[in-house]
Amino acid sequence: ASWKQYNGQKRKRRKRQILRRQKAKRKAVKKIGNLLLIAALFLSVCANGQNIALTAKCSRTAVDLNETFRITFTTNARRGEITPPNFEQFIVVSGPYQSSQTQIINGRVSSNRSLSYDVVAQKKGEFVLPAAFIIVDGKRIESNKLKITVKEGLKKKILENKINNEE
């Protein structure tokens, strides 16, 4: 009977040791999980602290009358909606076209969103397109203004020269 009792006690000790090890492993995994969660929160706070920019670009700053050109507004903000300016001096032929890009390089995430319009100038002269804006976390971020020079079209000049030469 003593031999059986000894073996029974030995088995109980082994079970307790195994249970203690399993419990220690669970605690370690839980600590690692908490550390990863804290690191993820820290990284998301750092990512939200990025400098948000909104830029305006034009395919050409000097265009002919009735010539189509593209105006694009680009931001690195993940939230917020780009509000374009009033295109008073231009006719919007097509758009808005939306595109987005996300890159993850060595764990660093960057993203860009764009809004594009194809426009045509209504009259010749120098025009300043007002700034577009985006509101992120209650802050209004404005783009740069675009200066666009509209010249008389080449076809119109050729027609005028033909008419003048015929007279």
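Student: What makes Arg140 count as lying over the face of Phe133?

Tutor: Keep in mind that this is a predicted model. Arg140 is 3.7 Å from the ring centre of Phe133, and the cut-off for a charge over a ring is within 6 Å of the centre, and within 35 degrees of the ring normal.

Student: Why is the pair of Phe69 and Phe90 called an aromatic pair, and what kind is it?

Tutor: Ring centres have to lie within 6.5 Å, and planes over 60 degrees apart count as edge-to-face. Phe69 and Phe90 are 5.8 Å apart, centre to centre, with 80 degrees between the planes. So this is an aromatic pair, and an edge-to-face one.

Student: What does the pair of Phe69 and Phe90 tie together?

Tutor: Phe69 is in strand E3 (residues 68–75) and Phe90 is in strand E4 (residues 90–105), so the pair ties together parts that are 21 residues apart in sequence. Ring pairs also link Phe69, Phe90 and Phe127 into a cluster.

Student: How do you know whether Phe69 and Phe90 are buried or exposed?

Tutor: Buried means under 20% relative accessible area. Phe69 has 2%, so Phe69 is buried. Phe90 has 5%, so Phe90 is buried too.

Student: Which residues does Phe69 contact, leaving aside its neighbours within four places in sequence?

Tutor: Among them are Cys58, Val63, Phe90, Tyr117, Val119 and Ile148.

Student: Why is the pair of Phe87 and Tyr117 called tilted?

Tutor: Stacked needs planes under 30 degrees apart, edge-to-face needs over 60, and the rest count as tilted. Phe87 and Tyr117 have 55 degrees between their planes, so their pair is tilted. Their centres are 5.1 Å apart, and that is within the 6.5 Å cut-off. This pair links distant parts of the chain: Phe87 is in the loop between E3 and E4, and Tyr117 is in strand E5 (residues 108–121), 30 residues apart. The total comes to three aromatic pairs.

Student: What makes Phe87 and Tyr117 buried?

Tutor: Phe87 has a relative accessibility of 11% and Tyr117 has 9%. The cut-off is under 20%, so both are buried.

Student: Which residues touch the most other members of the largest nonpolar core?

Tutor: They are Phe69, Ile71, Phe73, Phe87, Phe90, Ile148 and Val150, out of 25 residues in that core. Strands E1 (54–58), E3, E5, E6 (125–129), E7 (133–136) and E9 (146–151) each supply at least two residues. E5 gives the most, with four residues.

Student: Why is Asn76 called buried?

Tutor: Asn76 comes in at 19% relative accessibility, and buried means under 20%, so Asn76 counts as buried. Asn76 lies in the loop between E3 and E4.

Student: What does the side chain of Asn76 reach?

Tutor: The side chain of Asn76 reaches the backbone oxygen of Asn51 at 2.9 Å. A polar atom of the Asn76 side chain also lies 2.8 Å from the backbone nitrogen of Ala53. The distance cut-off for a polar contact is within 3.5 Å.

Student: Why is the pair of Asp137 and Arg79 called a salt bridge?

Tutor: Side chains of opposite charge can pair when their charged atoms come close. The rule asks for a side-chain nitrogen of Lys or Arg within 4 Å of a carboxyl oxygen of Asp or Glu. Asp137 and Arg79 meet at 2.7 Å, N to O, so they form a salt bridge. Asp137 lies in the loop between E7 and strand E8 (139–142) and Arg79 in the loop between E3 and E4, so the pair ties together parts that are 58 residues apart in sequence.

Student: How exposed are Asp137 and Arg79?

Tutor: Exposed means over 50%, so Asp137, at 59%, counts as exposed. Arg79 has 41%, which falls between 20% and 50%, so Arg79 counts as partly exposed.

Student: How many salt bridges are there?

Tutor: The count comes to six salt bridges. One of them joins Lys147 and Glu126 at 3.3 Å, N to O. Lys147 is in strand E9 and Glu126 in strand E6, 21 residues apart, and both residues are exposed.

Definitions and conventions:
Residues are numbered from 1 along each chain as its sequence is written. This is a predicted model: local features need pLDDT of at least 70, side-chain atom pairs count only at pLDDT 80 or more; totals for chains, interfaces and linings use all residues. Side-chain values use heavy atoms; hydrogens and water are left out. Rings of Phe, Tyr and Trp (its six-membered ring) pair if their centres lie within 6.5 Å; planes under 30 degrees apart count as stacked, over 60 as edge-to-face and the rest as tilted. Buried means under 20% relative accessible area, exposed over 50%, partly exposed in between (1.4 Å probe, protein chains only). A nonpolar core is a set of buried Ala, Val, Leu, Ile, Met, Phe, Trp, Tyr and Cys residues joined through side-chain atoms within 4.5 Å. Contact means heavy atoms within 4.5 Å. A polar contact is a pair of N or O atoms within 3.5 Å; within protein, one must be able to donate a hydrogen and the other to accept it, and residues adjacent in sequence count only if both atoms are side-chain atoms.
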